[in-house]
Amino acid sequence: MDNPSIITQVTNPKEEEILSCTQDKVSQCNISLKKQRSRSIFSTLFCCFRDYNVEPPSINSTSTLPPLVEENGGLQKPISNADFIVPVEIDGTIHQVYVLKRPHVDEFLQRMGELFECVLFTASLAKYADPVADLLDRWGVFRARLFRESCVFHRGNYVKDLSRLGRELSKVIIVDNSPASYIFHPENAVPVQSWFDDMTDTELLDLIPFFEGLSREEEVYSMLHKLCNR
């Protein structure tokens with residue numbers, strides 16, 4: 001018996017609101033749901049707002065801050081120009097999470113929401129990622145949010161098993177900066193560079209035309225093969 005889709009287990013609590021304004025990944029916000037595409041292509045976008053740091057606890061605090069190792073990567077540097085500051089409770093102590101947005105992430109998210117059914121799939125804990133996603137995704141692009149508990153722990157890394165999404169793999173893509181995250185399905189990946197603080201970065205903006213072309217294809221493999229071999 002096939003395992004149920006994890007999409008039905010961890011869904012966006014604002015889904016009804018999203019549907020009411022027709023902000024579906026497979027339809028534009030100004031297009032009715034009757035024009036949805038029959039195919040569904042997923043994008044994991046947490047890499048777009050990966051850079052953040054947590055303010056250390058006060059000197060009187062005895063709580064231990066778990067290391068914020070995101071997307072199988074390293075610890076983050078302090079951020080002085082954060083776009084968001086999110087309070088997160090860890091072991092009874094409130095810490096301030098500082099988040100810096102990758103350049104052009106707003107344009108990228110909006111356009112991806114017009115073209116595809118988008119799912120946030122991250123190896124981060126929900127206590128960090130969920131409030132950040134609330135602030136980042138102002139348009140309701142993410143139709144579902146999947147966190148660390150939806151990943152598979154494999155050889156020291158949290159892997160995003162795309163076969164558990166309940167969608168046809170030939171219509172699924174993952175956008176990620178960590179090859180370890182998509183080691184089970186490398187042929188479905190759009191690799192992106194890790195980003196920290198280069199405000200002149202244009203990778204997300206440069207990828208938009210590629211995804212616009214991909215949205216017109218019946219399957220993803222041929223175009224992804226061309227992308228990875230160009």
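The following paragraphs lead through the fold of one protein chain and then through selected local features.

The structure is a predicted model, in which local features need pLDDT of at least 70 and side-chain atom pairs count only at pLDDT 80 or more, whereas totals for chains, interfaces and linings use all residues. Residues are numbered from 1 along each chain as its sequence is written, and side-chain values use heavy atoms, with hydrogens and water left out.

The protein chain contains five helices and nine strands. Both are DSSP runs numbered from the N terminus: helices are H or I with at least four residues, and strands are E with at least two. Along the sequence, these elements are arranged as α-β-β-β-α-β-α-β-β-β-β-β-α-α. The chain has 230 residues, of which 50% count as buried. Here, buried denotes under 20% relative accessible area, exposed over 50%, and partly exposed the range in between, with a 1.4 Å probe and protein chains only. The protein chain exposes about 11,300 Å², and carbon and sulfur atoms supply 51% of that area. Such areas come from the Shrake-Rupley method with a 1.4 Å probe, and for residues only the protein chains shown count as cover. Of the contacts with a separation of 6 or more in the protein chain, 69% involve residues 24 or more positions apart; a contact means heavy atoms within 4.5 Å.

An α-helix has 3.6 residues a turn, so residues three or four places apart point the same way.

The aromatic rings come next. A pair of aromatic rings is described by the distance of the centres and the angle of the planes. Rings of Phe, Tyr and Trp (its six-membered ring) pair if their centres lie within 6.5 Å; planes under 30 degrees apart count as stacked, over 60 as edge-to-face and the rest as tilted. A search of the whole structure finds four aromatic pairs. In one of them, the ring centres of F108 and F211 are 5.8 Å apart and the planes stand at 70°, so this pair is edge-to-face. Because F108 belongs to helix 2 (residues 105-115) and F211 to helix 4 (residues 203-214), the pair ties together parts that are 103 residues apart in sequence. Both F108 and F211 are buried. F211 also forms an edge-to-face pair with F210, at 5.4 Å centre to centre and 70° between the planes. F211 has 0% relative accessibility, while F210 is buried with a relative accessible area of 12%. Ring pairs link F108, F116, F210 and F211 into a cluster.

D201 is placed in the loop between strand 9 (189-191) and helix 4, and is buried at a relative accessible area of 14%. The side chains of D201 and R102 are joined by a polar contact of 3.0 Å. A polar contact is a pair of N or O atoms within 3.5 Å; within protein, one must be able to donate a hydrogen and the other to accept it, and residues adjacent in sequence count only if both atoms are side-chain atoms. Apart from neighbours within four places in sequence, D201 is in contact with R102, P103, H104 and W195.

Two loop residues have positive phi values. D91, which is not a glycine, has a phi of about 55°; D91 occupies the loop between strand 2 (84-90) and strand 3 (93-100) and is exposed, with a relative accessible area of 57%. R155, also a residue other than glycine, has a phi near 50°. R155 lies in the loop between strand 6 (152-154) and strand 7 (157-159) and is exposed at a relative accessible area of 75%.

In strand 4, V119 is buried, with a relative accessible area of 3%. The C-alpha atoms of V119 and I7 are separated by 8.5 Å, although the two residues are 112 residues apart along the chain.
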